[in-house]
Amino acid sequence: MQVTQRVLIAADKFKGSLTAVQVAERVTVGLRRVVPGIEVEALPVADGGDGTVAAAVAAGFERHEIQVAGPLGQEVTAAFALRGDTAVVEMAEASGLQRLPRGVFAPLTASTYGSGELLRAALDAGARTIVFGVGGSATTDGGAGMLSALGARFLDEDGEPVPPGGGGLAGLARADLSGLDPRLSAVDLVLASDVDNPLTGPKGAAAVYGPQKGASPDDVDLLDGALAHYAKVLEAEVGPRAVEYAVAPGAGAAGGIGYGALLLGARFRAGIEVMLDVLGFAPALERATLVITGEGSLDEQTLHGKAPAGVAAAARAADKEVVAVCGRLALPPEALGRAGFRRAYPLTSEEPDVVKCIADAGPILERVAEQVARDFLT
């Protein structure tokens with residue numbers, strides 16, 4: 001008996017070119033040019049960074065929009081996703097780099113306050129489980145802004161609130177967490193991230209990710225010291241766990257907002273693993289005979305917790321063939337094979353000009369998908 005072929009497209013966005021939903025749409029068009037009527041199931045994925053809420057909405061969650069504070073305090077419209085009593089909250093929606101004016105960075109003053117407002121809105125909506133996706137942040141404040149929005153107070157020697165941002169934490173004299181929203185203690189908060197850095201030190205939030213947010217070497221030193229001081233002051237408020245959390249995996253995620261989430265009792269899990277669970281990937285994988293995943297750049301970073309690697313690992317465990325589409329391929333065949341990919345198809349195989357690949361990603365991706373269909377579906 002011939003098995004009906006069914007393709008599962010579980011790809012992340014091509015950053016700067018196509019959303020994850022658009023990637024699935026373009027791949028579907030290309031596949032059906034070669035194999036009309038092929039059964040295709042689209043399940044856009046994300047690893048906790050920007051695009052996580054969009055992936056949840058594409059999987060059937062309801063989108064909720066609210067007004068929150070952006071990283072510089074300006075009002076922005078941000079969204080979270082809700083299905084039943086499970087919410088997906090993406091910190092980049094409120095506190096991400098995309099919320100800064102073009103060309104503007106604020107490494108010392110950008111705040112996660114709006115991310116806390118998003119969490120509070122999810123609680124107001126009745127969430128009992130909150131998947132908190134962190135990544136793509138404009139901030140390095142250790143989650144102090146987020147905690148402030150949820151009822152904490154961070155005061156200087158005069159009893160006044162410290163200024164927003166990581167820089168302001170250098171003047172922190174006292175932390176008061178007694179006013180935190182009591183609903184937090186009854187919620188299963190999952191910290192979903194693709195990085196496991198500690199809060200401070202050479203692999204910490206400031207040293208590793210600060211320069212991406214406009215921090216100079218002096219800024220990095222200031223921020224790292226301020227975050228270490230922040231953890232020390234918090235130790236006086238909550239005890240030894242404040243120091244333990246500072247060195248825990250994920251504490252340094254998204255400018256240290258992971259640390260703030262751990263203080264709230266969050267469980268740290270690899271972002272892609274959490275999202276595959278939440279999105280219903282396992283049953284979709286069971287229905288598939290071929291899996292197509294991908295992202296804008298398939299490179300060494302992909303292998304360290306990014307969405308395509310998570311999809312490939314799950315597909316391999318289920319004995320399903322998986323191929324990748326991407327804008328740029330920077331992995332040798334042996335690395336692809338070890339990660340579970342049968343083959344990878346970059347846009348540059350159809351159009352060597354990278355600038356054209358970015359500008360015309362959609363049509364080029366359709367042609368790439370035609371080749372996938374010829375190789376694997378005919």
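A residue counts as buried when its relative accessible area is under 20%, and as exposed when that area is over 50%. The views below show parts of a predicted model.

**View 1. Lys13 lies in the loop between β1 and α1.** The relative accessibility of K13 is 17%, so K13 counts as buried. The side chain of K13 reaches the backbone oxygen of D50 at 2.9 Å. Apart from neighbours within four places in sequence, K13 is in contact with L18, T19, A20, D50, E295 and G296.

**View 2. Five strands form an open sheet with parallel pairing.** Strands of a sheet pair through backbone hydrogen bonds, either parallel or antiparallel. Here the order of the strands is β2-β1-β11-β12-β13. Which strands stand at the edges? They are β2 (39-42) and β13 (343-346); each has a single partner strand, so one side of each is left without a neighbour in the sheet. On average, neighbouring strands of this sheet are turned by 25° against each other, direction ignored.

**View 3. Strands β1 and β11 run parallel, and two helices lie on their sheet.** Three bridges join β1 (residues 6-9) to β11 (residues 290-298). I9 stands opposite I292 in β11. Helix α1 (residues 20-34) lies across β1, β2, β11 and β12 (321-329), and runs at about 155° to β1. Helix α15 (residues 361-376) also packs on the sheet, where this helix touches β11, β12 and β13. The direction of α15 makes about 155° with that of β13.

**View 4. Six strands form an open sheet with mixed pairing.** The strands follow the order β3-β4-β5-β6-β9-β10. At the edges are β3 (62-69) and β10 (267-270), each of which pairs on one side only. From one strand to the next, the twist averages 30°.

View 5. The bridge partner of A81 in β5 is V88.

**View 6. Ring pairs link F154, Y230 and Y259 into a cluster.** The model has two aromatic pairs. In one of them, the rings of Y230 and Y259 have their centres 5.7 Å apart and their planes at 70°, so the pair is edge-to-face. Planes over 60 degrees apart count as edge-to-face. This pair links distant parts of the chain: Y230 belongs to helix α7 (residues 217-238) and Y259 to helix α9 (residues 253-263), 29 residues apart. Y230 is buried, with a relative accessible area of 0%. Y259, at 0% relative accessibility, also counts as buried.

**View 7. C326 and C357 are in no disulfide.** A disulfide is a covalent bond between the sulfur atoms of two cysteines. How many disulfides does the model have? The count is zero. For C326, the nearest cysteine sulfur is that of C357, 9.9 Å away, whereas a disulfide needs a pair of sulfur atoms within 2.5 Å. For C357, the nearest cysteine sulfur is that of C326. C326 has 0% relative accessibility, so C326 counts as buried. C357 is buried too, with a relative accessible area of 5%.

Methods. Residues are numbered from 1 along each chain as its sequence is written. This is a predicted model: local features need pLDDT of at least 70, side-chain atom pairs count only at pLDDT 80 or more; totals for chains, interfaces and linings use all residues. Side-chain values use heavy atoms; hydrogens and water are left out. Buried means under 20% relative accessible area, exposed over 50%, partly exposed in between (1.4 Å probe, protein chains only). Two strands pair if DSSP finds at least two bridges between them. Helices (H or I, at least four residues) and strands (E, at least two) are DSSP runs, numbered from the N terminus. Axes are lines fitted to C-alpha atoms, for helices over the stretch in contact, and angles run from 0 to 180 degrees between N-to-C directions. Contact means heavy atoms within 4.5 Å. A polar contact is a pair of N or O atoms within 3.5 Å; within protein, one must be able to donate a hydrogen and the other to accept it, and residues adjacent in sequence count only if both atoms are side-chain atoms. Rings of Phe, Tyr and Trp (its six-membered ring) pair if their centres lie within 6.5 Å; planes under 30 degrees apart count as stacked, over 60 as edge-to-face and the rest as tilted.
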